[in-house]
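Work through the following exercises with the sequence and the model side by side. Try each task before you read its solution.

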Amino acid sequence: MRKYLKLLVILSFILLLSSCEPLAEEELGQDSNFRDLKAMVRVNGKVYGDLSFVNSAIKCDVPDGEIKTSVDRSQIPEKDDESNFGVGYEYQYSSEGYLTVKIKDRWYIFQTLEIDNGPIPEMVANFKAKVVDSEADRLLVELLEVPRSFRYCFANKGASELKVISLPIDNLDLAGAGGVKISELREKTVEVYFDGLVNNLDDELSSPIELGQVYRISIIKE
């Protein structure tokens, strides 16, 4: 009888240990982002980190190089043409301090680690617009001005040829707007940064123009 009781205690202890292992793994694993760093690449002796912004000013799809080796996501690349997220990714040189990496057919902006909390790079698609209406979760705006480099996003149409644009307010920045509420934004001018994707441009569609991913909406002081 004692033998069976001892065996039962041992089995119970083993089961207890095995049930605790996944919990420890979960606390330190991907769910908590404890081990992972941001996506990084090293090129010509410099390490660049992913900004998660699409470069919409790309004019040529020809790469300048390719990522050939990779380290674990928890590590910083130490060799040129190395990343911490995989191999086979093409890259292009960009303006000083930036590199553009092709991921899933889109060119993403990477920035040297020396640049910290700088402005959104000029390669990110943007435009200015006037707020014509606001709702609890979005703004309706009319395009006023778009830089020449990004007019192709709107099929090179002029502002007067475009329908209103619907903007989700998830990334609306009201800082510096003087305490203005969303319901008071009508007639205000905003600056919008987005990923360059524009949907519902067709005039035959009654729904407003929709953008891909909106990075930031800022209120322009008058």
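**Exercise 1.** Find the distance at which the side chains of Asp-61 and Lys-102 meet, and decide which parts of the chain they join.

*Solution.* Start with the contact itself: Asp-61 and Lys-102 form a salt bridge, with 3.0 Å from N to O, where a salt bridge is a side-chain nitrogen of Lys or Arg within 4 Å of a carboxyl oxygen of Asp or Glu. Strands here are DSSP runs (E, at least two residues), numbered from the N terminus. Finally, look at accessibility, for which buried means under 20% relative accessible area, exposed over 50%, and partly exposed in between (1.4 Å probe, protein chains only). Asp-61 is partly exposed at 44%, whereas Lys-102 is buried at 18%.

This is a predicted model, in which local features need pLDDT of at least 70 and side-chain atom pairs count only at pLDDT 80 or more, while totals for chains, interfaces and linings use all residues. Residues are numbered from 1 along each chain as its sequence is written, and side-chain values use heavy atoms, with hydrogens and water left out.

**Exercise 2.** Which strands lie at the edges of the open sheet of 8 strands?

*Solution.* Write down the order first, which is S12-S16-S13-S9-S10-S11-S15-S14, with mixed pairing; two strands pair if DSSP finds at least two bridges between them. The edge strands are strand S12 (172-173) and strand S14 (198-199), each of which pairs on one side only. Then look within the sheet order at strand S13 (residues 189-194) and strand S16 (residues 214-219), which run antiparallel and are joined by 5 bridges. Val-192 stands opposite Ile-217 in S16.

Key: Helices (H or I, at least four residues) and strands (E, at least two) are DSSP runs, numbered from the N terminus.
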